[in-house]
Amino acid sequence: GARETFESYYRKQRRKQARLVLQPPSNMHETLDGYRKYFNQIVGFFVVEDHILHTTQGLVNRAYLDELWEMALSKTVAALRTHSSYCSDPSLVLDLKNLIVLFADTLQGYGFPVNQLFDMLLEIQDQYSETLLKKWSGVFRNILDSDNYSPIPVSNEELYKKIVGQFPFQDAELEKQPFPKKFPFSEFVPKVYNQIKEFIYACLKFSEDLHLSSTEVDDMIRKSTNLLLTRTLSNCLQNVIKRKNVGLTELVQIIINTTHLEKSCKFLEEFITNITNVLPETVHTTKLYGTTTFKDARHAAEEEIYTNLNQKIDQFLQLADYDWMALEPGSRASDYLVDLIGFLRSTFAVFTHLPGEVDVHSTMSGKVAQTACMSACKHLSTSLLQLLLEAEVRQLTLGALQQFNLDVEECEQFARSGPVPGFQGDTLQLAFIDLRQV
């Protein structure tokens with residue numbers, strides 16, 4: 001006969017029990033089981049309440065239940081925000097997302113509003129994207145560290161088909177050539193390309209069951225892929241280029257590789273379109289910025305080539321030891337300069353003997369070779385001029401000048417010999433014209 005007392009006692013006790021149930025264990029984020037147990041408790045609690053609502057008269061009512069759920073929802077979302085932020089393993093974040101979806105769908109089935117949970121999943125998705133980027137940073141680093149930076153050789157049709165299957169490459173000239181032959185790029189091109197696709201699949205996994213439209217999914221994948229290209233891959237490439245021991249042949253290979261990866265961006269765009277069925281013409285689609293990543297890497301590699309060459313020239317010039325008071329010139333150009341010119345010849349030979357230099361590369365590495373050669377000649381010319389005009393040199397003899405003249409002639413002879421094909425007329429000799437006049 002104490003119905004009212006019992007009702008208020010029941011509700012008070014259940015509120016206390018709800019608070020206990022909603023207290024997550026401190027190490028919940030460490031395993032999936034921690035989360036599973038937490039969700040099961042909450043579902044259990046509300047399934048019981050829902051049952052009581054439908055089978056008893058007045059013990060609980062909708063308003064009481066809604067208020068209880070409101071409190072539970074805000075506590076659950078807060079707990080998940082905190083705990084999920086500790087998680088650095090993308091596969092655990094993905095499993096957690098699947099659990100949250102099950103949890104939300106179950107409670108929605110009982111009539112509880114769960115929009116907040118789906119909103120929070122979009123926040124967790126940003127974090128999932130961050131954990132993926134971290135993981136792929138390691139993947140790219142390993143690929144670039146283990147590459148041999150030389151063209152991929154293929155000895156038979158089967159191997160050729162295998163590479164072409166991994167990376168979109170077509171070259172009629174190369175197809176005609178007999179085996180064995182070489183692709184112009186090194187191993188890291190197909191490997192990096194495939195890892196970008198793997199990353200796209202990993203992004204897609206998160207968006208499943210989130211009740212998102214295909215344009216939202218498409219947008220999400222493109223945004224994450226852009227971060228992968230412009231931030232993660234870009235950093236990895238820049239680190240390789242800036243490494244202490246990276247040689248000219250490697251730098252030239254990086255230039256060729258990034259050109260091929262840049263061309264493949266349109267295939268990645270198609271790949272995303274095929275997955276999401278959102279056509280690129282759609283107003284909302286984000287463009288992939290991959291091309292800028294590869295252009296930047298290529299410019300960095302080119303700059304590094306020019307800097308490297310100039311440093312090498314400086315090392316040779318440190319050996320220059322002119323006797324400004326010599327009575328007689330030597331019989332030939334100075335040893336240090338002969339060695340320096342020898343070094344430049346063999347360096348530029350590297351550019352001209354690049355593999356399968358048909359179509360794009362002949363022009364591309366050719367341009368780099370021309371710029372590098374021109375910049376090397378200008379640097380050499382300016383450095384020699386500085387030697388001659390040094391403040392410490394108060395006096396010089398005709399003999400010393402004649403020796404210096406032999407060295408300048410050696411430089412001019414090098415410029416005339418066409419160390420790099422493609423220069424118009426005497427463009428290269430002009431680098432030494434100021435030096436010659438002085």
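In what follows, two residues are in contact when they have heavy atoms within 4.5 Å. The model is a predicted one. Its mean pLDDT is 89, and 95% of the residues reach 70 or more. Over residues 355–362, however, the pLDDT is below 50, and this stretch has 16 contacts in the model beyond near neighbours in sequence.

Two packed helices are described by the angle between their axes and the distance between the axes. For helix H2 (residues 32–55) and helix H4 (residues 90–109), the axes come within 10 Å and cross at roughly 5 degrees. Angles under 35 degrees count as roughly parallel, and H2 and H4 are therefore roughly parallel to each other. On the H2 side, the contact includes Leu32, Tyr35, Arg36 and Phe39; among the residues that they and others in H2 meet in H4 are Asp95, Leu99, Phe103 and Thr106. By class, this contact has 12 nonpolar, one polar and two charged residues.

Most residues other than glycine have a negative phi, and most peptide bonds are trans. Phenylalanine 179 and proline 180 are joined by a cis peptide bond, with omega about -10 degrees. Proline 180 belongs to the loop between helix H7 (172–176) and strand S2 (181–182). In the loop between helix H8 (188–207) and helix H9 (214–241) lies aspartate 209, whose phi is positive at about 65 degrees. Histidine 211 lies in the loop between H8 and H9 and has a positive phi near 55 degrees. Histidine 211 is exposed, because its relative accessible area is 58%.

Is glutamate 269 buried or exposed? Glutamate 269, found in helix H10 (residues 248–276), counts as buried because its relative accessibility is 14%. Leaving aside neighbours within four places in sequence, glutamate 269 is in contact with Arg222, Lys287 and Leu288.

Notes:
Residues are numbered from 1 along each chain as its sequence is written. This is a predicted model: local features need pLDDT of at least 70, side-chain atom pairs count only at pLDDT 80 or more; totals for chains, interfaces and linings use all residues. Side-chain values use heavy atoms; hydrogens and water are left out. pLDDT is the predictor's confidence in each residue, from 0 to 100. Helices (H or I, at least four residues) and strands (E, at least two) are DSSP runs, numbered from the N terminus. Buried means under 20% relative accessible area, exposed over 50%, partly exposed in between (1.4 Å probe, protein chains only). Axes are lines fitted to C-alpha atoms, for helices over the stretch in contact, and angles run from 0 to 180 degrees between N-to-C directions. Angles under 35 degrees count as roughly parallel, over 145 as roughly antiparallel, 65 to 115 as roughly perpendicular and the rest as oblique. Ala, Val, Leu, Ile, Met, Phe, Trp, Tyr, Cys and Pro count as nonpolar, Asp, Glu, Lys and Arg as charged, and the others, Gly among them, as polar.
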